[in-house]
Amino acid sequence: MVDIAARVWNHKWKIDPIVRSLIDTDFYKLLMCQSIFRNRPDTTVTFSLINRSKSVRLAELVDEGELREQLDHVRSLSLTRGESTWLRGNTFYGKRQMFRPDFMEWFEGMRLPAYHLEKRDGQYELTFEGSWPDVMLWEIPALSVLMELRSRAVLQKQGRFELQVLYARAMTKLWEKITQLREIDGLRIADFGTRRRHSFLWQDWAVQAMQEGLEGKFTGTSNCLIAMRREVEAIGTNAHELPMVYAALADSDAELAQTPYQVLADWQEEHDGNLRIILPDTFGTAGFLKHAPDWLASWTGIRIDSGDPAAGAEIAIAWWKERGEDPRQKLVIFSDGLDVDKIVELQAQFRGRVKVSFGWGTMLTNDFRGLAPDDALAPFSVVCKAIAANGRPTVKLSDNPNKAMGPADEIARYKRVFGVGEQQAQAVVV
């Protein structure tokens, strides 16, 4: 097993880069990329880094030269033969050759496009613009680089023994969480922590800890590289990016109202079974389900990623019943800001009423709260989102207005089109 503290102490990035592979990314990005490659390859999209935690002044913590070196390194990456073979030949969700030959040929020759970086008001403005399939694959590497450079900036002030103690404490903290989760009967939980991890090495350690400590309950990881190396399932379906960009391309309010369902119609042509998971909150869960076509009720389940998770699950259960479906045969995946107490609570509340699963993210792969002076390693909320498509702004409403994004006039328009009324704001921790 890797001695993480020793590696941090001896960091030389050229032999220990932050992003090691193009598949050091979330599985859903590759699934979505293939869908976009097939359905909307000529769309021009702009992605931008958005730091929701303004108190974390990244441009004052992270050296610009180091950031550029890491980003340039990511641009040099291409699929290795072994990675290509794994993607082409492995079985994902019970399906062989999930990735089609034409997509794989494109992906094997792909390099990430150029980036634009500026400093402004203590933050980095990092943007990527180009064809949607190319640019979308910057999201996870960009977040991984910023998060780990921030960790390195804090840790470089610590001595060798301080680092050993810090990581020993972090390991103990995580193992105690795993020990609590081990006692939950019927638990099914996966690692969703790539995008805001402390570091690659720490995420890899966390996955190994879950493999050993939660045997039979641990279902896999969203990180493709770790899934391949540790021989566990790669987990993921789709994300808010798809409806956000489809919606931006709509030419009328009537067309806009149908875009969330068009996304899933395109998805259904390619995937079945456990890949047919609805993510309903992009423009408000209640309105999405109210106007959803009947064929969506037959899908496998729903992922709840904003708002009150229990309330979201209750809305889903009521909707399935209204559409003549048995909720006990449906899957609810909770994935927003989870930690042990909330996982325990939700499992107890919904077990037996639906099939329950959890995507455990930042509090798995980056819970260093209380372990560094001034809590300088506490996780913070940073995202990299599509902000424009073919020159038009994108919008996300969410079930939590604190997660909404887009120009104010467009947010108001989307709320009108999708019938979103008053929403309960909740703190965005991660």
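## Starting at Lys 217

Which residues does Lys 217 touch, not counting residues up to four places away in sequence? In this predicted model, Lys 217 touches Leu 181, Arg 182, Ile 184, Asp 185, Gly 186, Leu 187, Arg 188 and Ile 189. You can find Lys 217 in the loop between helix H10 (200-213) and strand S7 (218-221).

Is Lys 217 buried or exposed? Its relative accessibility is 16%, so Lys 217 counts as buried, the cut-off for buried being under 20%.

Let's turn to the record. An unreviewed UniProt entry gives residues 23-146 as "domain: Nicotinate phosphoribosyltransferase N-terminal". This span is 48% helix and 21% strand, and its end C-alpha atoms lie 18 Å apart.

For residues 188-421, UniProt (unreviewed entry) lists "domain: Nicotinate/nicotinamide phosphoribosyltransferase". Here the end C-alpha atoms are 34 Å apart, with 39% of the span in helix and 14% in strand.

Next comes a residue with its own annotation. UniProt (unreviewed entry) lists His 240 for "modified residue: Phosphohistidine". In the model, His 240 sits in the loop between helix H11 (224-230) and helix H12 (241-248). With a relative accessible area of 3%, His 240 is buried. Leaving aside neighbours within four places in sequence, His 240 is in contact with Leu 279, Asp 281, Thr 282, Asp 305, Lys 385 and Lys 396.

Why is H12 described as largely enclosed by the rest of the structure? Eight of the eight residues of H12 are buried, so the helix is largely enclosed. Those buried residues are Glu 241, Leu 242, Pro 243, Met 244, Val 245, Tyr 246, Ala 247 and Ala 248.

## Gln 123 in strand S5

Now find Gln 123, which lies in strand S5 (residues 123-131). Gln 123 has 11% relative accessibility and counts as buried. A polar atom of the Gln 123 side chain lies 3.3 Å from the backbone oxygen of Lys 54.

Lys 54 is also one of the residues that Gln 123 touches.

## A pair of helices

How do helices H5 and H6 pack? Helix H5 (residues 81-89) and helix H6 (residues 101-109) meet at an angle of about 165°, and their axes are 11 Å apart. Angles over 145 degrees count as roughly antiparallel, so H5 and H6 are roughly antiparallel to each other. Their crossing is right-handed. On the H5 side, the contact is made by Ser 84, Leu 87 and Arg 88, while H6 contributes Pro 101, Met 104, Glu 105, Phe 107 and Glu 108.

## Two positive phi angles

Here is some background for the last stop. Most residues other than glycine have a negative phi. Tyr 93 has a positive phi, near 50°. Tyr 93 lies in the loop between strand S2 (91-92) and strand S3 (95-96), and counts as partly exposed at 29% relative accessibility.

Asn 390 also has a positive phi near 50°. Look for Asn 390 in the loop between strand S12 (382-389) and strand S13 (392-393). Asn 390 is partly exposed, with a relative accessible area of 44%.

Definitions and conventions:
Residues are numbered from 1 along each chain as its sequence is written. This is a predicted model: local features need pLDDT of at least 70, side-chain atom pairs count only at pLDDT 80 or more; totals for chains, interfaces and linings use all residues. Side-chain values use heavy atoms; hydrogens and water are left out. Helices (H or I, at least four residues) and strands (E, at least two) are DSSP runs, numbered from the N terminus. Buried means under 20% relative accessible area, exposed over 50%, partly exposed in between (1.4 Å probe, protein chains only). A polar contact is a pair of N or O atoms within 3.5 Å; within protein, one must be able to donate a hydrogen and the other to accept it, and residues adjacent in sequence count only if both atoms are side-chain atoms. Contact means heavy atoms within 4.5 Å. UniProt positions are given in the numbering used here, feature names are shortened, and annotations may be inferred rather than shown by experiment. Axes are lines fitted to C-alpha atoms, for helices over the stretch in contact, and angles run from 0 to 180 degrees between N-to-C directions. Angles under 35 degrees count as roughly parallel, over 145 as roughly antiparallel, 65 to 115 as roughly perpendicular and the rest as oblique. A crossing is left-handed if the near helix is turned anticlockwise from the far one by less than a right angle, and right-handed if clockwise.
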